Amino acid sequence: MAFDLTPTTAAPDAAELMGRLKRVRARMAEQNLDCYVVYDPVNVFYMTNFFNYVHERPFILVIEMEGLPKFLVPKLEIPHVQSRIKCELELVAYFEYPAPAGKNWYDYFAGLFQSDVRVGVEPAMTLEIYDKTPGNKIKTDIIDEVRFIKTPFEVGRYAHACQVLGLGFNKLMEICKPGTMLFELYGDASKEMMAKAVLEIPEINPLATRVAAIAQPPSISHDPHNFSNLFQQMEEGGPHVTILAGQVDGCGVELERTFFLGSVPEDAKKPFEVMMTARSMTYDRLKPGTNMGAIDKEVNDYFRKAGFEENLLHRTGHGMGITGHEGPFLAEGYDRQLEAGMMVSVEPGIYFKGLGGFRHSDTVLITDDGYAGLTDAPDSLE
């Protein structure tokens, strides 16, 4: 498969969505399923281009082996659905929930199935919907698996999303100095990214768009997800760690860097060098056919040999997609091979309380003979 990395902002067309449906049905046939029930809003978005927050009124897509998929939706949302979908669907409306007996969403839902069917259901489905689903239910992540392999169209969309992050990174570096507060970084850089996304995607779905640009000072960067104090200030030296991540109209990507302000503390040089070597090891192994669990094990073994076993907190990488944090995984125990079209983060890291965290992260596409980086930012100590 040839991949063109030219950014695009177009919405998926009917042909793109039909291709996804065909791949889902092929997996349904392999598992001898009569239909597949889709509840996860992310998977509904992938199949239809419609995204919404789901509360007590569910949206449920039922895919059979033939015919139009059936989409059970609240009557309230019919115009919204019709304005967003890019494929043919049979819309099945219910009025409200709760409703009088015989008129609840699950009464209409039950009527979408023939008797004695083999029904595929997502493991993430709520128990309420699971209990209301008829037939012989088989838990299977069919759409999640199909999403692992990006189409040429999707690659162009993700390339654009990475450009958005690149703009935010440059803005963050421009304004970051000792004394700058986290909320200042977030406000200025995130606003710039959102402006680019909205201006370049006129029909952007705000419910499938969120971007953030933040940085941790060395006093807290050993704790990768700690942003509890928006008034914390950037400091002289480092390591600071940036996190630029989010969804751009349903394309989740990330870009992270370890950086220093003014000077590099002497005791930070070796951990930075070790992190960079682990990063290089990872890139050397990125090609179709390489076992993802083995990559993480080799990287972790290198960290352990360097004396940093206690400073490991996470795997080498994870899949990138609609959510920006999903399968497949560069993780020990994950026995699966890389395939062309997969998109992963590369982010081996080590963390030291009292010193800080050391992690770069990039969004990377697996190609036919190796990889292509979609994010671009300086990565050397200099």
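Pro328 is placed in strand β12, which spans residues 326–330. In this predicted model, the peptide bond that joins Gly327 to Pro328 is cis, with omega at about 0°. A cis bond also joins Tyr97 and Pro98, where omega is about -5°. Pro98 is found in the loop between β4 (90–94) and α4 (105–110).

Two residues with positive phi are described next. Asn49, which is not a glycine, has a phi of about 75°. Its place is the loop that runs between α2 (41–48) and β2 (60–64). Asp116, likewise a residue other than glycine, has a positive phi near 60°. Asp116 belongs to the loop between α4 and β5 (118–121).

| Residue | Phi | Loop |
|---|---|---|
| Asn49 | about 75° | between α2 (41–48) and β2 (60–64) |

Is Asn49 buried or exposed? The relative accessible area of Asn49 is 11%, and because the limit for a buried residue is under 20%, Asn49 counts as buried. Is Asp116 buried or exposed? Asp116 has a relative accessibility of 76%, and since exposed means over 50%, Asp116 is therefore classed as exposed.

Note on methods. Residues are numbered from 1 along each chain as its sequence is written. This is a predicted model: local features need pLDDT of at least 70, side-chain atom pairs count only at pLDDT 80 or more; totals for chains, interfaces and linings use all residues. Side-chain values use heavy atoms; hydrogens and water are left out. Helices (H or I, at least four residues) and strands (E, at least two) are DSSP runs, numbered from the N terminus. Buried means under 20% relative accessible area, exposed over 50%, partly exposed in between (1.4 Å probe, protein chains only).
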